[in-house]
Amino acid sequence: MHPDLLTLRTRLKEHADLESAAALLRWDQMTYMPPGGAEARGRQLATLDRLSHDRIADPEIGRLLDRLEAIFQHQSADSDEARLLRVTRRDHERAVRVPADFVSAFANHRAESYEVWTKARPSNDFATVRPLLEKTVELSRRYASFFAPYEHVADPLIDDADPGMKAATVRALFAELRAELVPLVRRMTAEPPADDTCLRQKFAEEKQLAFGKLLAERFGYDFSRGRQDKTHHPFMTKFSSGDVRITTRVREDDLSEALFSTLHEAGHAIYEQNVDSSFDATPLGHGASAGVHESQSRLWENLVGRSRGFWEAFYPRLQSSFPGELGAISLDTFYRAINKVERSLIRTNADEVTYGLHVILRFDFELDLLEGKLQVADLPEAWRERFRADFGIIPETDSDGVLQDVHWYDGFVGGAFQCYALGNLMSAQFFGAAVGAHPEITREIASGRFDTLRGWLREKVYRHGRKLLPGELVERATGKPLGIGPYIAYLKSKYGELYRLDEP
Ligand code: ZN
């Protein structure tokens, strides 16, 4: 290996190790840390974050990149070396553009805003958090300004989460998607709602956890390189390809909570466990973007985990775990219950069909706030109006409206939400391409086997890590640019069978 490349890789390893140390402290904070540890943990994380920012922004990295780019300029653009240099260049330059003062000022503001939000949400008190959110909008604009020139002020923020995506592209996709979803939701919710009372009995926690683990394992989540713990808000975290962890939350009175959060997080984890392990401790060693990541969690949770075939294979096993609760409930009743479509106020509990509308609304508000078209003070009212237009219902409190998601109170306004809907679109496009190449996948799922599907995903998506930009990845894997077609076709086919959608 070229000596400069060796030096670069050593520097990158130190940076990755600092990031892993911070991730481990965050994992501990969300799982086992006693409340008394909060203050010191905040300081410890701030120190590690500053050190890791300094490492990647180090001018020495810039000099190494200059030399190596000249040396490797004739290498194929697809080689691991060329891609490593490109992605490192991106991370380095983004870190350099943001002044260290801004990084610590924003970290302090963010901590304060989060603290106030945790009290404002349960007490329905938007007024106390409002000045902080106003400042967040201002700081988000300032953050964007470090990346000027741009077409839209949200572009740099979107690019952070979903590299290569822009406000204009996402806005166009979402406009198309909303135009399809609004009438679809209207027609489905005009039908009598599915009966999901079978999910709301008492299900012993231990049996729920054991069943979830069994499914995650069958999907291909390797527990010798992973583990599952309990938390308030489920997440996945990676320390290396040999240690990728998931978390879940269990409700004994709602079977769907732990079950689907486990399938979702297992999807994220399978992705990370299958990134080429030679990318470990380099900027290539993670999933391609927030949106591509979400496509994998949603693919395993919904396209597989909420399909009829999947439950043909696993429902008898679930019944034998809970004979008293589900013994007399038919597969059809259970299948309808886990796919109930309803107008709901809370994004994280929304079904597959309405979910996209929750996301698009937030994305549109982010753009309006950043453009100055919408003032923070008018946000609660704008939220209610938009909800009436899209869902035909109005949240009675801000707790169920503008205060419900943590994102704007613990980070920037801009770039925070598009990944969820992009992920849904990609999930259907990937799944469709996989089934197109291997029609036996459907049959295999119905007999509880996932090797062909996972093999296709490993080859086309997982192993590349961050080597490819999300747009490139989608086009190479599916032969088409990202579009709404496969996702809408999937919804219409699945829910057309569940609801009477044939009449106009
Ligand atoms: Zn997720």
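**View 1. The whole chain at a glance.** The protein chain has 21 helices and 3 strands (DSSP runs, H or I of at least four residues for helices and E of at least two for strands, numbered from the N terminus). Its radius of gyration is 23 Å, close to the 23 Å from the globule rule for 504 residues, so the chain is as compact as a globular protein of that length (taken over C-alpha atoms; the rule is 2.2 Å times the number of residues to the power 0.38). Along the principal axes, the C-alpha atoms fill a box of roughly 65 × 50 × 50 Å. This is a predicted model, where local features need pLDDT of at least 70, side-chain atom pairs count only at pLDDT 80 or more, and totals for chains, interfaces and linings use all residues. Residues are numbered from 1 along each chain as its sequence is written, and side-chain values use heavy atoms, with hydrogens and water left out.

View 2. Histidine 264 is buried at 11% relative accessible area, and glutamate 294 is buried at 8% (buried means under 20%, exposed over 50%, partly exposed in between, with a 1.4 Å probe and protein chains only).

**View 3. Tryptophan 408 in the nonpolar core.** The largest nonpolar core has 143 residues, and Trp408 is among those touching the most other members, along with Trp300, Val304, Trp311, Phe430 and Leu453 (such a core is a set of buried Ala, Val, Leu, Ile, Met, Phe, Trp, Tyr and Cys residues joined through side-chain atoms within 4.5 Å). Leaving aside neighbours within four places in sequence, tryptophan 408 is in contact with residues including Leu133, Arg362, Trp383 and Phe417 (contact means heavy atoms within 4.5 Å).

**View 4. Around threonine 452.** Threonine 452 belongs to helix 19 (residues 451-460) and is buried, with a relative accessible area of 19%. Not counting residues up to four places away in sequence, threonine 452 touches His438, Glu440, Ile441 and Glu444.
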